[in-house]
Amino acid sequence: GDFTPTGGYLYICILINVSQCWALYCLIFFYYATTNKLGPIWPVGKSLSVKALVFFTWWQSVAISLLYQMDMIPHYHAKEEWTSEDVAKGLQDYL
């Protein structure tokens, strides 16, 4: 994505970040509301691990995009030419 203020990617990243934080905030409130009923099955670890997986996967894609924007991902020469954008997309798909 392009992080310039004239493009939409920056604002979408901010919106998704706010959405992820709001979901985590609501998850904490849900835990406090149901702590007595759900205490025996200990849902905190399960819920937080799923939420962390989604949240950190998104941040990983933002970090790869930033590395691409700063020209820190090189192009690759093998049997065929890979641009640095292709390498960044392949890295994200691989991870």
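Reader: Why does Val-44 count as partly exposed?
Author: This is a predicted model, and in it Val-44 has a relative accessibility of 22%. Buried means under 20% and exposed means over 50%, so a residue in between is called partly exposed.

Reader: Which helix does Val-44 lie in?
Author: Val-44 is part of helix α2.

Reader: How far apart are Val-44 and Tyr-31 in space?
Author: Their C-alpha atoms are 7.2 Å apart, while 13 residues separate Val-44 and Tyr-31 in sequence.

Reader: Staying with α2, how many residues does it have, and what does it reach from end to end?
Author: Helix α2 covers residues 43-69, which is 27 residues. From its first C-alpha to its last it reaches 39 Å, close to the expected 39 Å.

Reader: Which residues of α2 are buried?
Author: They are Pro-43, Lys-51, Phe-55, Trp-58, Val-62, Ile-64 and Ser-65.

Reader: Why do residues three or four places apart point the same way in an α-helix?
Author: An α-helix has 3.6 residues a turn, so residues at that spacing point the same way.

Reader: And what comes just after α2?
Author: Asp-71 follows there, with a positive phi of about 55°.

Reader: Let me turn to Gln-20. Is it buried or exposed?
Author: Gln-20, which is found in helix α1, is buried, because its relative accessible area is 11% and the limit for buried is under 20%.

Reader: Which residues is Gln-20 in contact with, leaving aside neighbours within four places in sequence?
Author: Gln-20 is in contact with Lys-51, Val-54 and Phe-55. Lys-51 and Phe-55 are among the buried residues of α2.

Reader: Now the whole chain: what pattern does it follow?
Author: Along the sequence the pattern is α-α-β-β-α, with 3 helices and 2 strands.

Reader: What is its radius of gyration?
Author: The protein chain has 19 Å, whereas a compact globule of 95 residues would have a value near 12 Å. The C-alpha atoms fill a box of roughly 60 × 35 × 15 Å along the principal axes.

Reader: How much of the chain is buried?
Author: Buried residues make up 15% of the 95 residues. The chain exposes about 7,400 Å², and carbon and sulfur atoms supply 70% of that area.

Reader: Lastly, how many positive and negative side chains are there?
Author: There are 5 positive and 7 negative side chains, and the centres of the two sets lie 24 Å apart.

Terms used
Residues numbered from 1 in each chain as written. Predicted model: local features only at pLDDT ≥ 70, side-chain atom pairs only at ≥ 80, totals over all residues. Heavy atoms only, no water. Helix = DSSP H or I, 4+ residues; strand = E, 2+ residues; numbered from the N terminus. Expected span 1.5 Å × (residues − 1). Buried < 20%, exposed > 50% of the residue type's maximum accessible area, 1.4 Å probe, protein only. Rg over C-alpha atoms; globule rule 2.2 N^0.38 Å. Areas by Shrake-Rupley, 256 points an atom, 1.4 Å probe, with all protein chains shown as cover. Lys, Arg positive; Asp, Glu negative; His and termini not counted. Charge placed at Lys NZ, Arg CZ, Asp CG, Glu CD. Contact = heavy atoms within 4.5 Å.
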